[in-house]
Amino acid sequence: MTSGAMRPRRDRGATLLVMQGEPLPVTVVDTMTIMTPKTTAAASPLARAYSPAAPSASVLAQTETIKRLLSERHATLVAHYYTDDAIQQLAEESGGCVADSLEMARFGARHPATTLVVAGVRFMGETAKILSPEKRVLMPTLAATCSLDDGCPADEFAAFCDAHPERTVVVYANTSAAVKARADWVVTSSIAVEVIEHLQARGEKILWAPDKHLGRYIRERTGADMLLWDGACIVHEEFKAQGVKDLKKVHPDAALLVHPESPAGVIELADVVGSTSQLIKAAQALDQSRLIVATDRGIFYKMQQAVPDKTLFEAPTAGNGATCRSCAHCPWMAMNDLDRLERVLSDGGGEIHIEAALRQQALKPLERMLAFGR
């Protein structure tokens, strides 16, 4: 298994093409979605070829309306990798940003726009407001939450911290402003291992929240003394080792790329473990032409741009349709759509507000994260 923080080894035989918003054909085999290059997509007796329909005239017109509204409001769109393709494409075309939560925070803080529109989940909008209090921060919907955030209530977490005052409190970015305010450090998955190694070298014991799978992965990587909160992401927790093994039997030459929020059994099978941005870099570095990806399928929009000649397989989840909670796509990320985005720019709703004292407390661990990640 290779860490996502590795130095990528670029395939010299691959040509890196950036295809702005051009979707790849998708082959659906039973319940697995397979993104395939246009040059190789083909139907078989066991599969039906699927090619996304071109955007309708109304969708194209709506996109242009949103671009105009962004310009009129002196706003920029900051979108997470897990949002739908249309949102990511719009962010790119309008001069915004598509990134993981760490780079979203950096981009929003340094961008000259007076209004930030954050397409993601609520904690991302809160983080943007904490770092840029002078800016107006809007979200397509304030109802877009996160299972990790919801599973770590601020009052219960404060009591947990109070019971272990000897430990340094490190929280994942997927937490509320109130939880961040109780922490010593905030980290994203792209720098979590390095931060814990830094703290361990200083002899510090760690209290970690909220994702238990990421916490266990970090503890195994670093050997640090870590007390873990019992939380999990509903998307990544549904990836199962047996399903991945079955898919590997069909495609034994495929490399497995895994986000560390996944269960330990899936991580153990991985060729690369890393954050969203690290997985995209790894896709470019790996020699394999077939990649099984265990994270939210929203990542395929940017990954396909990075490796247009590779075949990307969505890792199977524990259930299908109504029998799974997420089916490899965050239901709250999916709430970020063009209609809600246009509405919030038109009527000014969906604004993030954070009380000044709370913002000051939450800013301290966030500033440590940004300084460490430079």
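Student: What percentage of the chain's 374 residues count as buried?
Tutor: 56% of them do, where buried means under 20% relative accessible area with a 1.4 Å probe, protein chains only. This is a predicted model, so local features need pLDDT of at least 70 and side-chain atom pairs count only at pLDDT 80 or more, while totals for chains, interfaces and linings use all residues. Residues are numbered from 1 along each chain as its sequence is written, and side-chain values use heavy atoms, leaving out hydrogens and water.

Student: OK, aromatics. How many pairs does a search of the whole structure find?
Tutor: Four. Rings of Phe, Tyr and Trp (its six-membered ring) pair if their centres lie within 6.5 Å; planes under 30 degrees apart are stacked, over 60 edge-to-face, the rest tilted.

Student: Why is the pair of Phe-160 and Trp-229 edge-to-face?
Tutor: Because the planes of Phe-160 and Trp-229 sit at 70°, with the ring centres 5.3 Å apart. Phe-160 is in helix 6 (residues 154-162) and Trp-229 in the loop between strand 12 (226-228) and helix 10 (241-250), 69 residues apart. Helices (H or I, at least four residues) and strands (E, at least two) are DSSP runs numbered from the N terminus.

Student: Are those two buried or exposed?
Tutor: Both Phe-160 and Trp-229 are buried. Ring pairs also join them with Phe-157 in a cluster.

Student: Switching to helix 2 (residues 85-93), which residues are buried there?
Tutor: Ile-87, Gln-88, Leu-90, Ala-91 and Glu-92. Their cover includes helix 1 (57-72) and helix 14 (338-347). Just after helix 2, Gly-95 has a positive phi of about 85°.

Methods:
Buried < 20%, exposed > 50% of the residue type's maximum accessible area, 1.4 Å probe, protein only. Contact = heavy atoms within 4.5 Å.
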